[in-house]
Amino acid sequence: MLFALVFPTLITVVYFMLLAGHPAIVQQSAFAAGKLIQFLFPVVWFIRVQRGRLAWRSPKCADLLLAAGLGAAILAAALGLYRFQLKPAGFFSDAVVEAVRAKVRGIGVATPPRFVALTLFYSLVHSLLEEYYWRWFVFGHLRRLTSLPIAIGVSSLGFMAHHVCIVSDFFGWFSPASIGLSLAVAAGGVFWAWLYHRTGSLWGPWISHALVDAAIFVIGYDLVM
């Protein structure tokens with residue numbers, strides 16, 4: 001569990017921060033290698049060490065509607081807050097926008113088609129992989145080792161940790177923006193862990209997570225394209 005909680009942050013520091021300024025292929029290769037290890041580890045551990053069998057549980061309609069409704073509400077709220085409050089108020093300063101543009105150029109997705117492709121990957125694929133990793137594996141194991149509140153809290157803090165590196169790279173360490181956005185990520189982790197515990201299925205957390213990621217990338221597109 002210690003490895004599972006810490007490793008995503010370590011690879012984020014490497015590919016997102018330490019390799020910034022290196023050629024796009026270097027950053028992309030480090031990202032791919034790190035994510036491959038991260039997302040293979042749970043299934044290898046589960047099958048080879050625990051001798052378990054993978055299963056995909058079908059969701060209930062009510063659970064899907066709950067996840068889709070809340071995810072859509074967060075998406076609408078995020079876009080509305082960005083469009084009518086944060087952007088007009090100068091929350092995204094010229095320095096922040098230029099830092100985002102530099103990162104987009106650095107990873108080789110500075111054209112609209114590539115940025116849209118990245119959006120689809122993160123919203124549809126990466127969100128599922130993160131739910132499988134953080135909710136099924138990390139939270140699922142912690143839930144068997146400790147109480148439910150602690151399992152939700154610890155898994156959500158681990159989920160938040162690597163996002164702290166990303167937002168702080170743009171907004172600065174310990175800035176109000178970085179703290180607020182990091183806490184929002186942790187709150188998302190709490191909700192998705194609770195939803196997974198309630199339903200026993202990744203469908204609901206995945207749908208909600210995908211919609212939230214879509215909102216983030218829509219804002220990113222508006223900032224840099």
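Lys87 and Asp222 pair up through their side chains in a salt bridge, at 2.8 Å from N to O (the term covers a side-chain nitrogen of Lys or Arg within 4 Å of a carboxyl oxygen of Asp or Glu). The two partners sit 135 residues apart, with Lys87 in the loop between α3 and α4 and Asp222 in helix α8; helices here are DSSP runs of H or I with at least four residues, numbered from the N terminus. Across the whole structure, the search turns up 3 salt bridges.

The model is a predicted one, where local features need pLDDT of at least 70 and side-chain atom pairs count only at pLDDT 80 or more, while totals for chains, interfaces and linings use all residues. Residues are numbered from 1 along each chain as its sequence is written, and side-chain values use heavy atoms, leaving out hydrogens and water.

Helix α8 also packs against α5, at an angle of about 150° and with the axes 9 Å apart (axes are lines fitted to C-alpha atoms over the stretch in contact, and angles run from 0 to 180 degrees between N-to-C directions). That angle makes α5 roughly antiparallel to α8, a label for angles over 145 degrees. The contact of α5 with α8 brings together 14 nonpolar, 5 polar and 4 charged residues; Ala, Val, Leu, Ile, Met, Phe, Trp, Tyr, Cys and Pro count as nonpolar, Asp, Glu, Lys and Arg as charged, and the others, Gly among them, as polar.

Key
Helices (H or I, at least four residues) and strands (E, at least two) are DSSP runs, numbered from the N terminus. Angles under 35 degrees count as roughly parallel, over 145 as roughly antiparallel, 65 to 115 as roughly perpendicular and the rest as oblique.
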